[in-house]
Amino acid sequence: MELVILGLIVLFIYLFIRLLSTIGAWVSGSRYRAYRQLAAWYHGRYESRGLSDPPTVSFIHNGSTVRVGLAPTIAGQPQQIPRTRVVARFGRGIPFRLELAPIARPAPPQAPKGTRLVKLGDPVFDRAFVAQANDLEMARDFLSPRVRWMIGNLQRMVHSGGMLVSINPERLLVQIDRNLGQSPEALAAAVRESLVIHDGLLEGVLRRMNQGIAIVDQPDDWDEGSGPPICKVCGEPILAGAVIVCASCNTPHHRDCWEYVGACSIYGCNGKIGVAE
C-alpha cells in the first residue's frame, strides 16, 4: 500500500512539473510573440534566454549581422527604463562616426573623439536633433530626407529624448527607450525603419568615398601643401606618431585606427595590407 501511495505521489509531482512547463512555454510564447514574428519575417534566429529574460532575434541584412533585443539591465540599479536596441554589425569597417539624439536627450560629458557638430540646413530637423560626426559631408549625404523621416518616426515612438543613433566603424546602433517587444507592430516598425537607416548609411558612405578617390603609386605623391592628412577613422589630423598607409590605395591611418578597423577605412577598398611609415 505504501508503494502505491509513493507511486501516486511521484506521478502527481511529475504531472505537476509537466503542467508548469507547458504553462511556462505558453506564457513565454505569448509574451514574446513580437520577437517570434520578427524572426519569421526576416528568416532569422530566435534565441530564448529563459523565462525571465527577453529573447533576441538575429538575421543578415545587406551584408550586416542584425541583432534585435532589449539592452541588458545593470545590477543594483532599480527602476531602469527598458531600452530596445537594433544593432547592425557591418561586414567590413566604414570610416565614419556619428552620434545623433533628440535635443531633449542629455548630452554626453564630451563629444566623441574627432567629431564636430553637423547642421543640415533643415530648420525642423536641426532644431529637434543634435548630430556629431567625424566627416561632415559624409554625415550630410547619409542624413538624406528619407533617413531623416525614419529617424523622426523612431522619435515619435517614444517620449521626447528617448532615442539615439550611434555609428562607429564596426556597427550601427539604434536605441529606443521603450520595450517595443510588447507590440509586434511597433517592434516590426522600429526594425524596418532602422534597416532603412542602415541602407542609407552604407549608400551615403559609398557615394562619398567614390568622390575624389585617387590611387597614387608612391606615398611621396601625397600633396603635403594641403596640410596634414586626416585619418578617416577618427577624423583627427595625422600629425605624428605611428602611421599605417594602405598598400592598395595609399590612404594614411593612425596605427591605432588601422588596428581598430582591421583593414583600410576606404569603403570598397578593404585592403588588408598596411605599410608602416
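**View A. Arg-140 and Glu-137 lie together in helix α4 (residues 136–142).** The two residues are three positions apart, about one turn of the helix. Helices are DSSP runs of H or I with at least four residues, strands are runs of E with at least two, and both are numbered from the N terminus. The structure is a predicted model, in which local features need pLDDT of at least 70 and side-chain atom pairs count only at pLDDT 80 or more, while totals for chains, interfaces and linings use all residues. Residues are numbered from 1 along each chain as its sequence is written, and side-chain values use heavy atoms, with hydrogens and water left out. Arg-140 and Glu-137 form a salt bridge whose closest N and O atoms are 2.8 Å apart. The term denotes a side-chain nitrogen of Lys or Arg within 4 Å of a carboxyl oxygen of Asp or Glu. Arg-140 is partly exposed, at 33% relative accessible area, and Glu-137 is partly exposed as well, at 40%. (Buried means under 20% relative accessible area, exposed over 50%, and partly exposed in between, with a 1.4 Å probe and protein chains only.)

**View B. A salt bridge connects Asp-141 with Arg-207.** The closest N and O atoms of the pair are 2.9 Å apart. Because Asp-141 lies in helix α4 and Arg-207 in helix α6 (residues 184–209), the pair ties together parts that are 66 residues apart in sequence. Arg-207 is partly exposed, with 39% relative accessible area.

View C. Arg-45 is exposed, at 55% relative accessibility. The whole structure contains six salt bridges.

**View D. Strand β2 (residues 56–61) is largely enclosed by the rest of the structure, because five of its six residues are buried.** On one flank, β2 is joined to β1 by three bridges, and these strands run antiparallel. Two strands count as paired if DSSP finds at least two bridges between them. Here Thr-56 of β2 is the bridge partner of Glu-47. Strand β3 (residues 64–70) also pairs with β2 in the antiparallel sense, over five bridges. In that pairing, Ser-58 has Arg-67 of β3 as its bridge partner. The hairpin of β2 and β3 has two residues between the strands, and Asn-62 takes a positive phi near 50 degrees there.

**View E. Nine strands form an open sheet with antiparallel pairing.** Their order is β1-β2-β3-β4-β9-β8-β5-β7-β6. The edges are held by β1 (45–47) and β6 (116–118), each with a single partner strand, so one side of each has no neighbour in the sheet. From one strand to the next, the twist averages 15 degrees. Strands of a sheet pair through backbone hydrogen bonds, either parallel or antiparallel. Strand β5 (residues 98–102) and strand β7 (residues 129–133) run antiparallel and are joined by five bridges. Pro-102 stands opposite Phe-129 of β7.

**View F. Residues 212–225 have pLDDT under 50.** The pLDDT is the predictor's confidence in each residue, on a scale from 0 to 100. For this stretch, the model has 12 contacts beyond four places in sequence, a contact meaning heavy atoms within 4.5 Å. Where pLDDT is low, the predicted coordinates should not be read in detail. Over the protein, pLDDT averages 82, and 77% of the residues score at least 70.

Technical notes: Axes fitted to C-alpha atoms, helices over the stretch in contact; angles between N-to-C directions.
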